[in-house]
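Here are some notes to read alongside the model, written for someone who is new to looking at structures. Please keep the 3D view open and find each residue as it is named.

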Protein chains: 2
Amino acid sequence: MELFEAIFNRRSVRKYTPEKVDDSLLHKIIEAGMYAPSAVNKMPWHFLIIRSADGFSAIMEANPNAGMLKQANVAILVCFDKHLQHDIGYGPVDCSAATQNMLLAAHALGLGACWIGIYPRQNRIDLLHGFFKLPEPIVPFSVISLGYANEEKKMPQRFFKDRIHDGKW
Amino acid sequence: MELFEAIFNRRSVRKYTPEKVDDSLLHKIIEAGMYAPSAVNKMPWHFLIIRSADGFSAIMEANPNAGMLKQANVAILVCFDKHLQHDIGYGPVDCSAATQNMLLAAHALGLGACWIGIYPRQNRIDLLHGFFKLPEPIVPFSVISLGYANEEKKMPQRFFKDRIHDGKW
């Protein structure tokens with residue numbers, strides 16, 4: 001898929017068919033995340049593949065807007081390592097760029113995906129950190145739900161010229 | 001350009017030819033930023049196009065690693081509005097996804113680009129906020145330097161299998 005088609009037509013997809021997402025697609029999506037830029041190229045990320053109903057339940061408990069997981073085939077938890085990030089506050093910035101690469105990759109691979117926010121809500125971070133038994137320095141940042149889309153969504157207008165300031169504010 | 005080619009071959013480019021970057025390309029890059037996802041679709045971003053030597057100097061003063069601006073043709077300051085973001089801490093996450101879309105777009109348009117970090121360094125934020133006379137709720141997040149590449153860079157290996165955890169950590 002052409003880059004601008006991916007950027008301009010990607011939407012949050014929350015309804016999925018039961019069809020299984022092949023592992024090779026998951027790995028391609030994660031690889032796309034790993035090729036995001038990161039501060040001082042520290043690549044502080046880790047990726048946890050989640051397929052279990054228990055895991056989905058924990059995420060839905062952490063984020064009340066994660067009901068799309070009832071239908072999702074699989075999800076990926078994007079985390080960063082506090083000890084690997086360039087400095088405090090950089091891990092989330094890096095993981096956000098990685099998450100965006102992954103959403104574009106999922107769309108280009110014919111999948112529907114949705115970004116489920118974990119960071120910066122401390123209660124969500126703590127709940128998932130405990131449930132998935134993450135090592136101490138690992139911080140859960142986002143969950144990407146994945147499946148084959150069972151809904152069609154058109155892209156609304158998101159270009160607003162008044163957000164561009166040319167030369168000065 | 002195909003999405004995965006853009007993701008897997010994009011690099012930080014810091015050397016540029018003097019050739020002018022056309023305004024139509026700048027607007028396409030900013031439009032790509034505006035099509036990033038944002039928490040609760042708040043789209044809290046603003047984009048300031050900078051071409052002046054004074055503006056470049058201010059950025060280089062804020063970030064000592066921004067020397068590539070001596071050669072850059074133009075730069076875009078990505079900001080968020082504290083009053084528009086979904087909640088505290090979400091603006092940077094949204095702006096990071098927008099910045100990543102913009103870096104991919106620049107690459108696909110044949111330009112070289114580099115992400116110059118501003119957030120989360122408060123001294124950098126304050127300096128640029130003052131220099132560019134930004135309204136109170138506007139927070140500078142990143143600068144993207146742009147120009148036609150005057151260097152060739154190969155993508156190093158960034159895929160590390162030990163960062164993938166399948167099913168459990």
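**Notes on salt bridges, symmetry and buried residues**

1. A search through the whole structure, which is a predicted model, finds 8 salt bridges over all chains.

2. Begin with the salt bridge between the side chains of A:Arg51 and B:Asp166, where N and O are 2.6 Å apart. A:Arg51 sits in the loop between strand 1 (45–50) and helix 3 (53–62) of chain A, while B:Asp166 belongs to strand 5 (residues 164–166) of chain B, so this pair joins two chains. A:Arg51 is partly exposed, with a relative accessible area of 35%, and B:Asp166 is also partly exposed, at 43% relative accessibility. The pair is part of a network of salt bridges that links A:Asp23, A:Arg51 and B:Asp166.

3. Another salt bridge is formed by the side chains of A:Arg121 and B:Asp87, with an N to O distance of 2.9 Å. Because A:Arg121 lies in the loop between strand 3 (112–117) and helix 5 (122–131) of chain A, and B:Asp87 in the loop between strand 2 (74–81) and helix 4 (90–108) of chain B, this pair too joins two chains. A:Arg121 counts as partly exposed at 24% relative accessibility, and B:Asp87 counts as partly exposed at 30%.

4. Which residue does B:Asp23 meet in a salt bridge? The partner is B:Arg51, and the closest N and O atoms are 2.9 Å apart. Since B:Asp23 is in helix 2 (residues 23–34) of chain B and B:Arg51 is in the loop between strand 1 (45–50) and helix 3 (53–62) of chain B, the pair ties together parts that are 28 residues apart in sequence. B:Asp23 is partly exposed at 33% relative accessibility, and B:Arg51 is partly exposed at 35%.

5. How are the two chains related? Chain B can be laid on chain A by a turn of 180 degrees with a shift of 0.0 Å along the axis, giving an RMSD of 0.0 Å, and this is the relation of a two-fold axis. The same surface serves both copies, since 100% of the contact residues of chain B recur in chain A.

6. A:Arg163, in the loop between strand 4 (138–147) and strand 5 (164–166) of chain A, deserves a careful look. This residue is buried yet has no salt bridge, and the nearest side chain of opposite charge, that of A:Asp162, is 4.2 Å away, whereas a salt bridge requires a distance within 4 Å. The side chain of A:Arg163 does reach the backbone oxygen of B:Met43, at 2.7 Å. Setting aside neighbours within four places in sequence, A:Arg163 has contacts that include B:Trp45, B:His46 and B:Phe47.

7. On the cysteines, the count comes to 0 disulfides over all chains. A:Cys114 is in no disulfide, and the nearest cysteine sulfur, in A:Cys95, is 17 Å away. In chain B, the sulfur of B:Cys114 is 17 Å from the closest cysteine sulfur, that of B:Cys95, which is too far for a bond. A:Cys114 is buried, with a relative accessible area of 1%, and B:Cys114 counts as buried at 1% relative accessibility.

8. Finally, A:Ala106 in helix 4 (residues 90–108) of chain A is buried, with a relative accessible area of 0%. Beyond its neighbours within four places in sequence, A:Ala106 is in contact with A:Ile29, A:Leu111, A:Ala113 and A:Leu146.

Methods: Residues numbered from 1 in each chain as written. Chains lettered and ligands numbered in written order. Predicted model: local features only at pLDDT ≥ 70, side-chain atom pairs only at ≥ 80, totals over all residues. Heavy atoms only, no water. Least-squares fit on C-alpha atoms with pLDDT ≥ 70 in both. Contact = heavy atoms within 4.5 Å. Helix = DSSP H or I, 4+ residues; strand = E, 2+ residues; numbered from the N terminus. Buried < 20%, exposed > 50% of the residue type's maximum accessible area, 1.4 Å probe, protein only. Lys, Arg positive; Asp, Glu negative; His and termini not counted. Polar contact = N/O pair within 3.5 Å; in protein donor to acceptor, adjacent residues only side chain to side chain. Disulfide = S-S within 2.5 Å.
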